[in-house]
Amino acid sequence: MQKIEHIGIAVKDLDQAEKLYAGILGAKPYKREEVKSEGVLTSFLRNGPNKIELLQSTKPDGPIAKFIEKKGEGMHHVAFAVQDIKSEMKRLAAEGFRLLNEEPKKGADNKWICFVHPKSANGVLIELCQERKEDI
Ligand code: ZN
């Protein structure tokens, strides 16, 4: 496990949230990307080591829409950068953590990702992410 790669925040209105977080971070969004498989439109902002991923649902029954319905807007996940996602997944599974996917999947911003169930982590959804340079 390396540094915190980003914090994911579930929002209802991406345009509004981009403006707000640009003000907080003092940096404009550098990328918008839709992840169709997750039903989500993401926007990334970065200033120095701080990176925020804003997530807006693209479908009414998507995971972000459901999250907001249950908990309201707010912090959705913490993402940790890892060097070797497959071995981290193996290690966490062996330690009894519940992984939400068995194989790494393609996430936004050029990453291989895997989620750890919040029930395994004191109510926090954890994302592992590895830079996606090639297929693994
Ligand atoms: Zn994320």
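Visitor: In which loop is Asp109 found?
Guide: This is a predicted model, in which local features need pLDDT of at least 70 and side-chain atom pairs count only at pLDDT 80 or more, while totals for chains, interfaces and linings use all residues. Residues are numbered from 1 along each chain as its sequence is written, and side-chain values use heavy atoms, with hydrogens and water left out. Helices (H or I, at least four residues) and strands (E, at least two) are DSSP runs numbered from the N terminus. In those terms, Asp109 is found in the loop between β6 and β7.

Visitor: Is Asp109 buried or exposed?
Guide: Buried means under 20% relative accessible area, exposed means over 50%, and partly exposed covers what lies in between, with a 1.4 Å probe and protein chains only. Since Asp109 has 9% relative accessibility, this residue counts as buried.

Visitor: What is the phi of Asn110?
Guide: Most residues other than glycine have a negative phi. Asn110, placed in the loop between β6 and β7, counts as partly exposed because its relative accessibility is 39%. Asp109 has a positive phi near 55 degrees, and Asn110 has a positive value too, near 65 degrees.

Visitor: What pattern does the chain follow when read along the sequence?
Guide: The chain holds three helices and eight strands. Placed in order along the sequence, these elements give the pattern β-α-β-β-β-α-β-α-β-β-β.

Visitor: What radius of gyration does the chain have?
Guide: Along its principal axes, the C-alpha trace spans about 40 × 30 × 25 Å, and 46% of the 136 residues count as buried. The radius of gyration is taken over C-alpha atoms, and the globule rule is 2.2 Å times the number of residues to the power 0.38. For 136 residues a compact globule would come near 14 Å, and this agrees with the value of the chain, 15 Å.

Visitor: Which residues coordinate the zinc ion?
Guide: Donors are N, O and S atoms within 2.8 Å of the metal (3.2 Å for Na, K and Ca), and a site may look incomplete because water is not among the atoms. Along the chain, the donors of the zinc ion follow the spacing H-x46-E-x23-H-x49-E. At 2.0 to 2.1 Å, the zinc ion is coordinated through NE2 or OE atoms by His6, Glu53, His77 and Glu127.

Visitor: How many residues apart in sequence are the parts that His6 and His77 tie together?
Guide: Both His6 and His77 are buried, and both coordinate the zinc ion through NE2. His6 lies in strand β1 (residues 4-10) and His77 in strand β5 (residues 74-81), so the pair ties together parts whose separation in sequence is 71 residues.

Visitor: Which element gives the most to the lining of the largest pocket?
Guide: On a 1 Å grid over the protein atoms alone, a cavity is a set of points where a 1.4 Å probe fits but cannot get out, whereas a pocket is an open set with protein on both sides within 12 Å along at least five of seven lines, and lining residues have an atom within 4 Å of a point. The largest pocket is lined by 31 residues, of which Pro63, Ile64, His76, Phe115 and Leu125 lie nearest its centre. Among the elements that give two or more residues to this lining are β3 (40-47), β4 (50-57) and β8 (125-131). The most, six residues, comes from α2.

Visitor: What distance separates the C-alpha atoms of Asp135 and Lys106?
Guide: Asp135 is found in the segment after β8, and with a relative accessible area of 63% this residue is exposed. Although Asp135 and Lys106 are 29 residues apart along the chain, their C-alpha atoms are separated by 9.9 Å.

Visitor: What distance separates the C-alpha atoms of Leu100 and Ser57?
Guide: Leu100 has its place in the loop between α3 (85-94) and β6, where it is partly exposed, with a relative accessible area of 44%. Leu100 and Ser57 are 43 residues apart along the chain, and their C-alpha atoms are separated by 19 Å.
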